[in-house]
Amino acid sequence: MSKKKLLIYGAGAIGRGYIPWVYRPEKYEYYYVESNPALRNLLNDRGLFATFKVINGEYESLHVPLIECFKPGEEGAVLDSVAAIITCVGPRSFPTLESTFRNCKVPVICCENDANLPVEMREHTKNPNIIFAIPDVITSNTASKEMLKKDPLAVITEDGTFFADEYASQIEGNCSYVGREELKVQWLAKLYIHNTPHCIAAYLGSIIGVQYLHETMQCAAANRIVEGAMHEMENMLKFSTNIDHEFLRFYANKELSRFRNSLLCDPISRVAREPFRKLARNDRLIGAAQSCLSNGVIPKFLMLGIMAAFCFDSIDDPDSHIKYLLRSLRPEEFLRTIIGLHESEALFSLLVSNWDSNFQKIMELSNEK
Amino acid sequence: MKNEKLLEAAIKAAMKAGKCLMDHYEKRVLTSSKESLRDVASLVDKNAELEVFKILHEFNPSLPILSEEHVFQGVDCGLGYWVVDALDGTVNYLNEVPFFSVSISFVEQARTKVGVVYAPLMDDIYYAAEGIGAFKNQCKLKTSDRSPNNSLFSTSFSGKNYQPLGREEEFLVFGRVNDMSRGCLRTGSAALNLAYLAEGRFNGCWGKANKEWDISAGLLIAKLSGAMVGVIRCKSEGYLYHYVAAPPQNFTWLQQHIETLFPEDDWVSVS
């Protein structure tokens, strides 16, 4: 039986490292679209890459052949012959795909870590085939030195669960196709119990000066902040939703052991990427803190995570200008002009009144390495 | 001098001046007319400028400052100099038209290294530095490259007393560009025109005999956001410049339509 074709936008962590475990090479032929020319050339030159799954404390490998990796805009030739399209390009790049998806007849499965994006894309394109999926997994965009020596394209992933809208259930894969209500529960848990503490751990790791996420968790002070923020998220969801409390506890424990997993080699630079996106009003830091306050939870540890995000200093990051703004603006100006909080908001007052002490607590972490 | 440190000082100074402007906005302020009816100085202008000077001096007292109210303060020792307009769009400010800004740049060896334009009423800060990029608040800036007939342009005229015989041609060119596009605006703040060009709200700008403090910061922000920029210095006065700035599709088109405004015997250098 001939294999079906799969077109994957984005050959990064999820696209390369995790999707082949869900839609396996025995059943699918892979076509990628990738904007990074160096990665694209490497994929086309080698025609094969390895992804390693951490399972029961060991690595299981999967060697993935690909037919072609296209430059964006050059994939038109295969668009009409693929069984499905999967996107993992990141929330900032996703809207640029609108014209491509307008007339797509096959399911477009969006793994963009933002539940609103596929909804907006469906509305803009009037195409009902665009659906949301949650890769409930941590996938690194790199691998250990030994693995990279053998294959420079190697990546490591967890043994996660792929939740996708049941609308796409005709696409055969190792995934859980669920209804939109169940998908919403999974998304709230992912957004607040995974995404929020995950990026906080990365920002704290960046201050400490470590390379991988699990190294952050080895620092007692940082670990306390991550666990504290996770507890705040759990409480906020308990008060604001009817999600089962045992499920929330299970999810939080699962996440903490993920963050501590040294086999994942999850780089701080990947998880901390684009702090302004994560600091947006409805996203995992400011949005999460606002939700806490609306539900009677004081986001004490979350505010330390927010301060760590403000202090993120990486010259290679698209949002590296955050450091100039933090240094040149008064706290009130920074929160108002850059973060978009209003003086009358409770979170504004809380952040301002705790500014100096939180800044000091975060900076003390730089002595922890 | 490191661009990032210069940028931080410029942002700090622009925000301080902006606060000073907002503290007095919609309040009666003393004015005195300068060279024309449009060129009004206010006390607020001067106070805001003093706030800027204070911060820039604290940053490095040896750097001279070129500004609207004081022309050149300090000695040019070759380290570069600040260019300051604490209130660009004074008439708008005085009339409570919400289109005015603070403009601060740093120039070294005839190159603008850093530029900041702050619109206090909108609370939007536009900033750029060589080697760093151009941004508005938290977002990276990018011009919008459209065809001329889908574009909105803006201009800033020369002062009333600058070549009075050439003024009719300025109005004719303004009308021609206005009729061949979505429109052409004369907003009253050249610095904000250029910031809006950088953001993609406007799709091209030009100005005749504009002062260095009005356009220096905005031109860098527009350039680092993807605009093509052409600047020529007026022969008659040291701090006056003609300029055109637009994304690639409009740049040549705009240049061709406005070239009659700038006869060659009126300019001395191109940068």
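Tutor: Let us start with a term: domain bounds come from an automatic or database domain assignment. Please bear in mind that the model is predicted.

Student: Into which domains is chain B divided?

Tutor: The assignment gives chain B two stretches of residues. These are domain 1 (3-140) and domain 2 (148-270).

Student: How many residues of domain 2 of chain B are in contact with domain 1 of chain B?

Tutor: Two residues are in contact if their C-beta atoms lie within 7 Å. On the side of domain 1 of chain B, 31 residues take part, and among the elements giving two or more of them are β5 (81-88) and β7 (111-119). By class, that side has 14 nonpolar, ten polar and seven charged residues. Domain 2 of chain B contributes 24 residues.

Student: Which helix gives the largest share of the side of chain B that touches chain A?

Tutor: The contact takes ten residues from chain A and twelve residues from chain B. Six residues on the side of chain B come from one helix, namely α1 (residues 3-24) of chain B.

Student: Which residues does A:Leu204 contact, leaving aside its neighbours within four places in sequence?

Tutor: With those neighbours set aside, the contacts of A:Leu204 include A:Ala308, which is also among the residues with the most contacts inside the core.

How values were computed: Residues are numbered from 1 along each chain as its sequence is written. Chains are lettered from A and ligands numbered from 1 in the order in which they are written. This is a predicted model: local features need pLDDT of at least 70, side-chain atom pairs count only at pLDDT 80 or more; totals for chains, interfaces and linings use all residues. A nonpolar core is a set of buried Ala, Val, Leu, Ile, Met, Phe, Trp, Tyr and Cys residues joined through C-beta atoms within 7 Å. A residue is buried if 20 or more other C-beta atoms lie within 10 Å of its own, exposed if 12 or fewer, and partly exposed in between; C-beta atoms are placed from the backbone. Helices (H or I, at least four residues) and strands (E, at least two) are DSSP runs, numbered from the N terminus. Ala, Val, Leu, Ile, Met, Phe, Trp, Tyr, Cys and Pro count as nonpolar, Asp, Glu, Lys and Arg as charged, and the others, Gly among them, as polar.
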